[in-house]
Amino acid sequence: MSANDAKGSLGGNDPDPYLTQGPSTIWNGMIYPIRKFRFAGVAWYQGESNFADPVKYSCLFPATITGWRAGFENPAMSWAFVQLHAYNLHDWSEFRNAQALATRKLPGVVMASAIDLGDPTSPFDPIHPRYKQEVGRRLAQAAIASRYSDYGGVHYSGPRFRDVQPVAVAPEDNAGVKGLVLKFEDGNGGAAPGTTHASAAAACSLTGSKKCCGESPFAVVDADTGEIKRVPFWVDNAGDNGAGKVVLSIDSNVKKVKEVRYAWERFPQCLLYNGVGGYEAYTDAMPAAPWCFDVVTGAPCPVRNLPNPWAAGVRTTADMGFTTMLHKLPVRDLIQWGQKDFAEEYRPASAGGGADAGDGAEAGARVSADVGDAPASDDFDTSDVGSAEQLDDDTSDVGS
């Protein structure tokens, strides 16, 4: 290595990318030196650089957690991580599935969903949303529930999907409309019973269909054609002893359902919550994390890579120049940007702010069906969803 190379950015030259961005760089440079330090758990927010290879990440991420627990000689180390937010430029649905797999593979791992906190107008690119306060609240709740569950009474999760069953939505003399009923885990994620509801995602009026809760987050995959169809739904928040249940109405043209999907797309317009409120900070609401269930196998959908992750004409992280731009800005400007934009532009009106970004339109029509005492709730667009949109790629690995 030459003297100039050793100087890196401090000497006016760019450092060797392998030394600063290669596998295990963060572990070796920042984590290994503190391996004798004792702490109870880890808060982890990462993944954007790995989204193009969900299958690989589904192995790397659990291996990282296991490696840290071994390296710190703390097999009970808690691990709370953020599942990536909605992102209007690429479809991260399969990658979010890879992230969620860690909670099923390993004990002591909890997830905070940020699916409703997409930020398409973030001045430093939508890959960096500004709702950090709400992300922090959700991480804290998840960590407390994981590490200190004996205390009880912690609202740590949105509605967590448990099962799907067929149900008759309308009588035979009304074209025999069939449906599916979705059930959720007991306990309602620590929220008060009977509080499951739908609410608009942040900034839904600024991207995608812009329909907010005029568009359903639920879709099914036709087992015969492979076609993905968005389906209307309504919520029975008193069902299953207050855990809530959701009823989907299935098009009569779909003879057999292969998969049921929730928020399985780039930027879901409407989300399922429990607690009170929606995406806004200063409430106790928690969103249901995205999921996909294979009705045929009776198991969660496997982690899959999408074809051609580098979609033509779509910006890459290298094109964004985000890191270079960030390094050129004085710290005081970054602080001022964060305070100004969040406080004035994105704080919800309900909390004294002036912005209406994310205010969802009221859902219009009602579902003209009766399922037990399930109230006919807000209805949603039934237009078809196209095939899953292709992803971008990146070659970074998780450290360790």
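## Close-up views of a predicted model

**View 1. Strands β9 and β10 lie side by side.** Strand β10 (residues 245-250) runs antiparallel to β9, and four bridges join the two. Phe233 has Leu248 of β10 as its bridge partner. Strands here are DSSP runs (E, at least two residues) and helices are DSSP runs (H or I, at least four), numbered from the N terminus. Two strands count as paired if DSSP finds at least two bridges between them. This is a predicted model: local features need pLDDT of at least 70, side-chain atom pairs count only at pLDDT 80 or more, and totals for chains, interfaces and linings use all residues. Residues are numbered from 1 along each chain as its sequence is written, and side-chain values use heavy atoms, with hydrogens and water left out.

**View 2. A four-stranded open sheet holds β9 and β10.** The order is β4-β5-β10-β9, with antiparallel pairing. β4 (161-168) and β9 (233-236) stand at the edges. Each has a single partner strand, so one side of each is left without a neighbour in the sheet. Neighbouring strands are turned by 25° against each other on average, direction ignored. The axes behind this angle are lines fitted to C-alpha atoms, for helices over the stretch in contact, and angles run from 0 to 180 degrees between N-to-C directions.

**View 3. Five strands form another open sheet.** The order is β8-β7-β11-β14-β15, and the pairing is antiparallel. The edge strands, β8 (228-230) and β15 (299-300), each pair on one side only. Inside the sheet's order, β11 (residues 257-262) is joined to β14 (residues 291-294) by four bridges. Tyr262 has Trp291 of β14 as its bridge partner.

**View 4. Leu182 sits in the largest nonpolar core.** A nonpolar core is a set of buried Ala, Val, Leu, Ile, Met, Phe, Trp, Tyr and Cys residues joined through side-chain atoms within 4.5 Å. Apart from it lies another core, of 25 residues, among them Trp27, Phe51, Leu89 and Ala102. Leu182 touches residues including Phe161, Phe218, Leu248 and Trp291, not counting those up to four places away in sequence. Contact means heavy atoms within 4.5 Å.

**View 5. Tyr87 is a buried loop residue.** Tyr87 is found between β2 (78-83) and α5 (93-105). Its relative accessible area is 1%. Buried means under 20%, exposed over 50%, and partly exposed in between (1.4 Å probe, protein chains only). The C-alpha atoms of Tyr87 and Leu117 are separated by 9.0 Å, although the two residues are 30 apart along the chain.
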